Amino acid sequence: GNKARVLPVGRKAREALQAWLPLRALANPRDRAVFISQQGRRLGARAVQLRVRQAGVRELGQHLHPHMLRHSFASHLLESSQDLRSVQDLLGHADIGTTQIYTHLDFQHLAKVYDQAHPRAKRKQDSES
């Protein structure tokens, strides 16, 4: 969407970037982008799609695409009790309604938490056993 986004970056990602940047500098970069092609130019969307797809097959044995990573990011943030507005900001959504799509994904997780935490749910489970 051509929007600038500021995101948290974990330790492993920082370590990988620190290992990559010296190698990138050797490739005679023609662009300021972090990820570049062999010609030193910014990777296009299709190149990223292909690389993510290949890594998914190679590393996970399944089809993977960039939007799936974005989707997982949003779902994990919501699951770890981040509020919807924060997720909206991180995803760059102009409308909260777009972000709310991610809330329906987590009903099974919420049901499990409810069953573990709510006193009446525990009694109902105990009486069924």
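Which helix does Val87 lie in? Val87 lies in helix α4. The model described here is predicted.

Along the chain, Val87 is 15 residues from Tyr102, and the C-alpha to C-alpha distance between Val87 and Tyr102 is 9.5 Å.

Val87 is also one of the residues that Thr99 touches; Leu84, Gln88 and His93 are on that list too, with residues up to four places away in sequence not counted. Thr99 belongs to helix α5, which covers residues 96–100. The relative accessibility of Thr99 is 0%, so Thr99 is classed as buried. The side chain of Thr99 has a polar contact of 2.7 Å with the side chain of His93.

## The largest pocket

The volume of the largest pocket is about 1,500 Å³. Its lining is made up of 27 residues, and Leu7, Phe35, Val48, Pro66 and Leu69 are the closest to the pocket centre. Two or more lining residues come from each of the elements α1 (11–26), α2 (45–60), α3 (66–79) and α4 (84–91).

Helix α3 gives the most to this lining, with 6 residues. Sorted by class, the lining residues of the largest pocket are 20 nonpolar, 3 polar and 4 charged.

## Salt bridges

There are 3 salt bridges in the structure. One of them joins the side chains of Arg11 and Glu15, with an N to O distance of 3.3 Å. Both residues are in helix α1, and because Arg11 and Glu15 are 4 residues apart, about one helical turn separates them. Arg11 is exposed at 52% relative accessibility, whereas Glu15 is partly exposed with a relative accessible area of 42%.

Asp31 and Arg42 form another salt bridge, in which the closest N and O atoms are 3.1 Å apart. Asp31 and Arg42 both lie in the loop between α1 and α2, so this pair ties together parts that are 11 residues apart in sequence. Asp31 is partly exposed at 25% relative accessibility, and Arg42 is exposed at 52%. A further salt bridge joins the side chains of Arg58 and Glu59, at 3.2 Å from N to O. Here Arg58 is exposed, with a relative accessible area of 59%, and Glu59 is exposed as well, at 56% relative accessibility.

Methods: Residues numbered from 1 in each chain as written. Predicted model: local features only at pLDDT ≥ 70, side-chain atom pairs only at ≥ 80, totals over all residues. Heavy atoms only, no water. Buried < 20%, exposed > 50% of the residue type's maximum accessible area, 1.4 Å probe, protein only. Polar contact = N/O pair within 3.5 Å; in protein donor to acceptor, adjacent residues only side chain to side chain. Contact = heavy atoms within 4.5 Å. 1 Å grid on protein atoms, 1.4 Å probe; cavity = no way out; pocket = protein on both sides within 12 Å on 5 of 7 lines; lining within 4 Å. Points joined across faces, edges and corners; volume = space filled by probe spheres on them. Nonpolar A, V, L, I, M, F, W, Y, C, P; charged D, E, K, R; others polar. Salt bridge = Lys/Arg side-chain N within 4 Å of Asp/Glu carboxyl O.
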